[in-house]
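Here are my notes on this one, as numbered points. Have the model open while you read.

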Amino acid sequence: FLAGFAACANAQEDVDPTKVYRVVYGATLDPKTGLANVSVTIKQPRRLVRSLEFVMPSKRYVNIRPAPGVEVDGDRITWHPEKKGGALKFDFVIANKRSNGGEDSRIEDTWALLKLDKLFPPAHARVVKGATAKATLKLVAPKGWAIETPYGRGAGRVLNINDPHRLLDRPLGWLLAGKLVGREALATTSR
């Protein structure tokens, strides 16, 4: 265990700062429209990210905003970020029924449940050899809502995303948002 920890710490120290690019994943949940306003922002010291290719079915990913380097071909989106980066912005339809009638995500007036893996679609990344991503996640919800993610509580906070096995770190797992009641409150009301 300690050897693995030391190797990981040394790997972090060996990162060339001129080959680090930042990825900021952002989303604002809107129960009135049933959409999440989503952005994927790249910040880089030079052109480290050559291109990102997404498969974004038009049933779920709508209103893709025109931006420099963004090409839309049906459900395939190719983005060539500019030298210093840029942003890909779109809306995500939260409510979704599966073919068997079940739901894999939902939003109501006071809560939402969805997968971050769907909110931020997978991408095939072409980057400069040796480039490293530092990714963060920022989520916004209506006033009075809390947000829980595998990365911690997220309402209005910046959360770190780290997957050393990927060129492009991406948020994964469930997101629960709403006027949530904690276990402590449930314990006091059941007495």
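Predicted model: local features only at pLDDT ≥ 70, side-chain atom pairs only at ≥ 80, totals over all residues.

1. Start with the loop between strand 4 (61-62) and strand 5 (70-73), which is where Asn-63 sits. Have a look at the backbone there: Asn-63 has phi near 55°, a positive value in a residue that isn't glycine.

2. On confidence, the chain has a mean pLDDT of 88, and 88% of its residues reach 70 or more. Which elements mark the two ends of the range? Helix 1 (residues 2-13) has the lowest mean pLDDT of the elements, at 47, while strand 2 (residues 35-43) has the highest, at 98.

3. Now the aromatics: the count comes to 3 aromatic pairs. One of them joins Tyr-61 and Phe-90, edge-to-face, at 5.7 Å centre to centre with 65° between the planes. Tyr-61 belongs to strand 4 and Phe-90 to strand 7 (residues 85-93), so the pair ties together parts that are 29 residues apart in sequence. Both Tyr-61 and Phe-90 are buried.

4. Tyr-61 has another partner, Phe-92. Here the ring centres are 5.3 Å apart and the planes stand at 50°, so the pair of Tyr-61 and Phe-92 counts as tilted; the edge-to-face label needs an angle over 60 degrees. This pair also links distant parts of the chain, with Tyr-61 in strand 4 and Phe-92 in strand 7, 31 residues apart. Phe-92 is buried, as is Tyr-61. Put together, ring pairs link Tyr-61, Phe-90 and Phe-92 into a cluster.

5. How many cavities of 30 Å³ or more does a search of the whole structure find? The search turns up 1, and the volume of the largest cavity is about 40 Å³. Its lining is made up of Tyr-25, Phe-54, Pro-121, Ala-123, Arg-166, Leu-168 and Arg-170. By class, that lining has 5 nonpolar residues, 2 charged ones and no polar ones. The arginines Arg-166 and Arg-170 are among the lining residues, and Arg counts as charged.

Conventions
Residues numbered from 1 in each chain as written. Heavy atoms only, no water. 1 Å grid on protein atoms, 1.4 Å probe; cavity = no way out; pocket = protein on both sides within 12 Å on 5 of 7 lines; lining within 4 Å. Points joined across faces, edges and corners; volume = space filled by probe spheres on them. Helix = DSSP H or I, 4+ residues; strand = E, 2+ residues; numbered from the N terminus. pLDDT = per-residue confidence, 0-100. Phe/Tyr/Trp six-rings, centres within 6.5 Å; stacked < 30°, edge-to-face > 60°. Buried < 20%, exposed > 50% of the residue type's maximum accessible area, 1.4 Å probe, protein only.
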